[in-house]
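Please go through the briefing below alongside the sequence and the model.

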Amino acid sequence: MRLSELFGCEVLDSDGRWVGEVHDARMVRDGPEQGAFGPAYRMQGLIVGGGSWGSRLGYDRGEVKGPWPLKKLFQWLHGHAKFVDWAVVAGLQKGVIRVSVPADQLPSVPTLRQ
Amino acid sequence: MPGGNVNESARRVIDAGLHLLDRQIVDKDGRLAGKVDDLELTFPHGSMSDPPFVSAILSGPGALAPQIGGRLGKWIAAAESRLSDQPGPARISFGVVKRIENDIQLIVSRDDLDVTRLEDWVRDTIISKIPGARHAPQ
């Protein structure tokens, strides 16, 4: 599978309600050993929200530096983004990802930490 | 900075699109070896029940083709595949990645990779046939 196949996928909750589209994939470095690199990046979950405009610049995530008006604008635009832990992904088919919990049980996107 | 700042090779948590896509790839000799156009994800036991991990970097027009989509995307993917014995886009195993900073540094030479197939084809098939192409620059 390619990462780009996940981007833009629609995400539906356990009741079939629309949650948003996949904007990014959060990875944690605790996967299988990979030669010179060491532990691989393993999928932790998906960042899901409404419009993706500006999301690829990263201004909606806390650690990215930039002009504060832009940061505030994008944080407001993406303030309702949800984090879909891979453990609740129930299926992926034809651009649609189904999760096993209701949308209101999905947490906000955790701040990026080391 | 837009696009995030990855300074630590051992950075533990990243957002793949923000921190890896579009990064420049640099080989062991400091030569440019393409860009990260997509990532290959592998399911460890072949099923979706366990989370996938990033197993390779995909680079070049063939990697971008699905994102372009439509007939043009299919044509680009097919054309690039014909330039190599390997099916699909140029693939760089994550096992040869040494460090991730503002670029992605490899432990191998770009000559050992399949990332320059289009460049090689243009040089061998088109440029080399232009009269005077074999003359050293004056």
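Does K94(A) count as buried or exposed, and why? K94(A) counts as exposed because it has 6 C-beta neighbours inside 10 Å; a residue is exposed with 12 or fewer other C-beta atoms within 10 Å of its own, buried with 20 or more and partly exposed in between, C-beta atoms being placed from the backbone.

This is a predicted model, in which local features need pLDDT of at least 70 and side-chain atom pairs count only at pLDDT 80 or more, while totals for chains, interfaces and linings use all residues. Residues are numbered from 1 along each chain as its sequence is written, and chains are lettered from A and ligands numbered from 1 in the order in which they are written.

- K94(A), not a glycine, has a positive phi of about 45°, and lies in the loop between strand 7 (89-93) and strand 8 (96-99) of chain A.
- D22(B), also not a glycine, has a positive phi of about 70°.
- The loop that holds D22(B) runs between helix 1 (16-19) and strand 2 (24-26) of chain B.
- D22(B) is exposed, with 12 other C-beta atoms within 10 Å.
- Helices (H or I, at least four residues) and strands (E, at least two) are DSSP runs, numbered from the N terminus.

**Helix pair in chain B**

- The axes of helix 2 (residues 61-68) and helix 3 (residues 70-81) of chain B come within 8 Å and cross at roughly 165°. That makes the two helices of chain B roughly antiparallel (angles over 145 degrees).
- Axes are lines fitted to C-alpha atoms, for helices over the stretch in contact, and angles run from 0 to 180 degrees between N-to-C directions.

Technical notes
Parallel < 35°, antiparallel > 145°, perpendicular 65-115°, else oblique.
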